[in-house]
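Here is a short tour for a reader new to this protein. Take a look at the model first, then read on.

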Amino acid sequence: INRQDADLFFSFAPLLELYPGIESIPLSPDRFAVYVNERDGEILRQRGLSYLNELTQLVEYRSEGGPLFTGMIFSIREAMGLKPGNISYYSSNSTILIAVQAGMGFALLPTRMNFGCCPDNVTMIPLDLPEAEIHRALGWNRNNKNVSLRQFTEIVRGLD
């Protein structure tokens, strides 16, 4: 966004709001979810979210969303009272899901983060917490003259 390397940006709405030169359209909201392997998912459903404190590791995604994304995960962990002993950081959501599948821990990711390719034996449990709500937006530089961009944003506006 700082370099204006793209005509449009799909990002967190609060991030785009920091840039006065960016115009944006809100997109449908999403939620964070807990991703665990099936065995831990069954126990989690029976015992509740406090069970996550017994899992030894949180596998966490570090993305281009950077501090905002990480801050959201921290807020969720705090709201849930989670104090994971170990945190492993990965830069790929597919690697995280493979680690969860192998029983290496749990992950806090948006429900749409798996792009429909959640591996076998991984359970996703959406979180019903205010901190877990994600607001996304489509943004672009107000001065952008790209005709295709204008047409695209009009189509997106029409989808509401």
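Is Asp40 buried or exposed? Asp40 counts as buried, because its relative accessibility is 3%. Buried means under 20% relative accessible area, exposed means over 50%, and partly exposed lies in between, with a 1.4 Å probe and protein chains only.

This is a predicted model, in which local features need pLDDT of at least 70 and side-chain atom pairs count only at pLDDT 80 or more, while totals for chains, interfaces and linings use all residues. Residues are numbered from 1 along each chain as its sequence is written, and side-chain values use heavy atoms, with hydrogens and water left out.

## Overall build

The protein has 5 helices and 9 strands. Helices (H or I, at least four residues) and strands (E, at least two) are DSSP runs, numbered from the N terminus. Along the sequence they follow the pattern β-α-β-β-α-β-α-β-α-β-β-β-β-α. The C-alpha trace spans about 55 × 25 × 25 Å along its principal axes.

Of the 160 residues, 42% count as buried. The protein exposes about 9,000 Å², and carbon and sulfur atoms supply 52% of that area. Accessible areas come from the Shrake-Rupley method with a 1.4 Å probe; for residues, only the protein chains shown count as cover.

Contact means heavy atoms within 4.5 Å. Among contacts between residues at least 6 apart in sequence, 77% join residues at least 24 apart. Pro20 sits in the loop between helix 1 (13-16) and strand 2 (22-26). Pro20 is exposed, with a relative accessible area of 71%.

## The cores

In soluble globular proteins, nonpolar side chains tend to be buried together. A nonpolar core is a set of buried Ala, Val, Leu, Ile, Met, Phe, Trp, Tyr and Cys residues joined through side-chain atoms within 4.5 Å. The largest one here has 22 residues. Phe32, Val34, Leu52, Phe106, Leu108 and Leu127 touch the most other members. Strand 3 (30-37) and helix 3 (66-80) each supply at least two residues of this core. Helix 3 gives the most, with 5 residues.

What does Leu52 contact, leaving aside its neighbours within four places in sequence? Leu52 is in contact with Val34, Val36, Leu44, Met80, Leu82 and Phe106. A second, separate core has 10 residues, including Val59, Leu97, Ala99 and Val122.

## Charges and salt bridges

There are 14 positive and 18 negative side chains, and the centres of the two sets lie 4 Å apart. Lys and Arg count as positive and Asp and Glu as negative; His and the chain ends are not counted. The place of a charge is taken as NZ of Lys, CZ of Arg, CG of Asp or CD of Glu.

The structure holds 7 salt bridges. A salt bridge is a side-chain nitrogen of Lys or Arg within 4 Å of a carboxyl oxygen of Asp or Glu. Three of them are listed here.

| Pair | N to O distance |
|---|---|
| Glu133 and Arg31 | 3.4 Å |
| Arg39 and Asp40 | 3.6 Å |
| Glu154 and Arg157 | 3.1 Å |

Glu133 and Arg31 form a salt bridge. The pair links distant parts of the chain: Glu133 is in strand 8 (residues 133-134), Arg31 is in strand 3, and 102 residues separate them. Glu133 is partly exposed, at 33% relative accessibility. Arg31 is also partly exposed, with a relative accessible area of 23%.

Arg39 bridges to Asp40. Arg39 counts as exposed, at 51% relative accessibility, whereas Asp40 is buried.

Why are Glu154 and Arg157 separated by about one helical turn? They are 3 residues apart in helix 5 (residues 147-158). Arg157 is partly exposed, at 31% relative accessibility. Salt bridges that share partners join Glu23, Arg142, Glu154 and Arg157 into one network.

## Two local details

Ser11 is found in strand 1 (residues 9-12). Ser11 is buried, at 14% relative accessibility. Beyond its neighbours within four places in sequence, Ser11 is in contact with Leu16, His135, Arg136 and Ala137.

Asn121 has a positive phi of about 70°, although it is not a glycine. Asn121 lies in the loop between strand 6 (107-110) and strand 7 (122-126). Asn121 is partly exposed, with a relative accessible area of 40%.
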